[in-house]
Amino acid sequence: MRVDIDKDSGFCFGVLSAIGKAEEELRKGDELYCLGDIVHNGMECTRLQDLGLKTIGHDQFDTLHDARVLLRAHGEPPSTYRTAAENGITLIDATCPVVLKLQQRIHSQYETMDPATQQIIIFGQKGHAEVLGLVGQTDGRALVIESADDISLIDFGKDIFLYSQTTKSASSYNQLIALIGERVQKGRQFVHFNSVCGQVSHRREHIRDFAKKHDLVLFVSGRKSSNGKVLFNECLNVNPNTYLIEGRQDIDFSLFEGRQSIGICGATSTPKWLMEECRACILQHFE
C-alpha cells in the first residue's frame, strides 16, 4: 500500500507566520495570550497551549491590563486596537498580510462612500473571525451574505461594493458576482474586488488533482476550519472515497481494504506534523 502526503497541503503563509511568532514569543518565557484560537485546528492549539500559550476570548481581553497578546492571522477590528491602547496591552500582531490589505481597502472604501447611496457587501461566513475584522472596518455597517440565497438582503437601489472573505471559494464568489450583476438597477454602480487569497485558489486546483490520483483520500482538518470545508468538498467532488478526519484517532482502517493508494491532504490550518502522524499510524497498522 502506498500512502502519500500532499506536498502543497499544510499551513499557508499567514498561519505559518502567526505560529512562528507565537513560538518565538513563548521562548522568551513571559506570559503570552492569544485572542481566539490561533488556528482552526484543535490539535495544533493544544500543542501550543502545552508550550504556554493561553487562549482567551474578547470578554477576557477587555479586562486585561499590561499583558502581551498575540493577534492571529484572521485579523481584528479597530475596536481591539483601541482596547489594547487603553489597557496598556502589548500586541504581537500576526494578521495575515493578505487580510490586512483587504481590511485597509474596505476601510478606505468606507471612509469615502456615501451610506445613503452606497453600500459595502462582504461574501463570507457570519461570525467568522476574519469577517468580524472586515465588518469592523465599516463600524459594523457592512452587509455579510453567506450565499446566493442572501442576495435579497441587498439594496439594489444603491451602488454596490462587493468583497470576499479571503478563504472563500473563488468559483462561488464568481457565481455570486454574476447573480448580483443581473439585478443591479440601471444607473447604479456595481464594483467587485478580487479578494480571494491566491494561495487558497491554487490549492483548490492542486488538491483536486491530488485526490484523483488515489483510491482513497483522508482529509485532515479541524471541523471549524472554513478553508477546510472548501478544500474537503473539492476532494469529495472528484473522489467520493474522501473522508474528513481530525487526527489519527479518527482513522477507520476498515476503509482501506482492497485499496492500493492512500492520499493524505489537509487545509491551510492543518499542520504538516499531523498529516505525517496519520501516515505513520497507517503504515504501522499494516506492518
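This is a predicted model: local features need pLDDT of at least 70, side-chain atom pairs count only at pLDDT 80 or more; totals for chains, interfaces and linings use all residues.
**Strands, a crossover and buried charges**

Leu35 stands opposite Ile56 in strand 3. Strand 2 (residues 32-35) and strand 3 (residues 53-56) run parallel and are joined by four bridges. To get from strand 2 to strand 3, the chain passes through helix 2 (residues 42-50), making a right-handed β-α-β crossover.

Let's stay with helix 2 for a moment. Here Glu44 forms a salt bridge with Arg47, with 2.8 Å between the closest N and O atoms. The two residues are three apart in helix 2, so about one helical turn separates them. Glu44 counts as buried because its relative accessibility is 1%, whereas Arg47, at 27%, counts as partly exposed. Glu23 joins Glu44 and Arg47 in a network of salt bridges.

Another salt bridge links Glu25 with Arg68, the closest N and O atoms being 2.3 Å apart. This one ties together distant parts of the chain, since Glu25 lies in helix 1 (residues 13-27) and Arg68 in strand 4 (residues 68-71), 43 residues apart. Both partners count as buried, Glu25 at 11% relative accessibility and Arg68 at 14%.

Further along, look for an open sheet of four strands in the order 7-6-8-9, paired in parallel. Strand 7 (143-145) and strand 9 (190-192) are at the edges with a single partner strand each, so one side of each has no neighbour in the sheet. On average, neighbouring strands here are turned by 25° against each other, direction ignored. Helix 7 (residues 170-183) packs on this sheet, touching strands 6, 7, 8 and 9, and its direction makes about 170° with that of strand 8.

How values were computed
Residues are numbered from 1 along each chain as its sequence is written. Side-chain values use heavy atoms; hydrogens and water are left out. Two strands pair if DSSP finds at least two bridges between them. A crossover is right-handed if, with the strands pointing away from the viewer, the path from the first strand over the helix to the second runs clockwise. Axes are lines fitted to C-alpha atoms, for helices over the stretch in contact, and angles run from 0 to 180 degrees between N-to-C directions. Contact means heavy atoms within 4.5 Å. A salt bridge is a side-chain nitrogen of Lys or Arg within 4 Å of a carboxyl oxygen of Asp or Glu. Buried means under 20% relative accessible area, exposed over 50%, partly exposed in between (1.4 Å probe, protein chains only).
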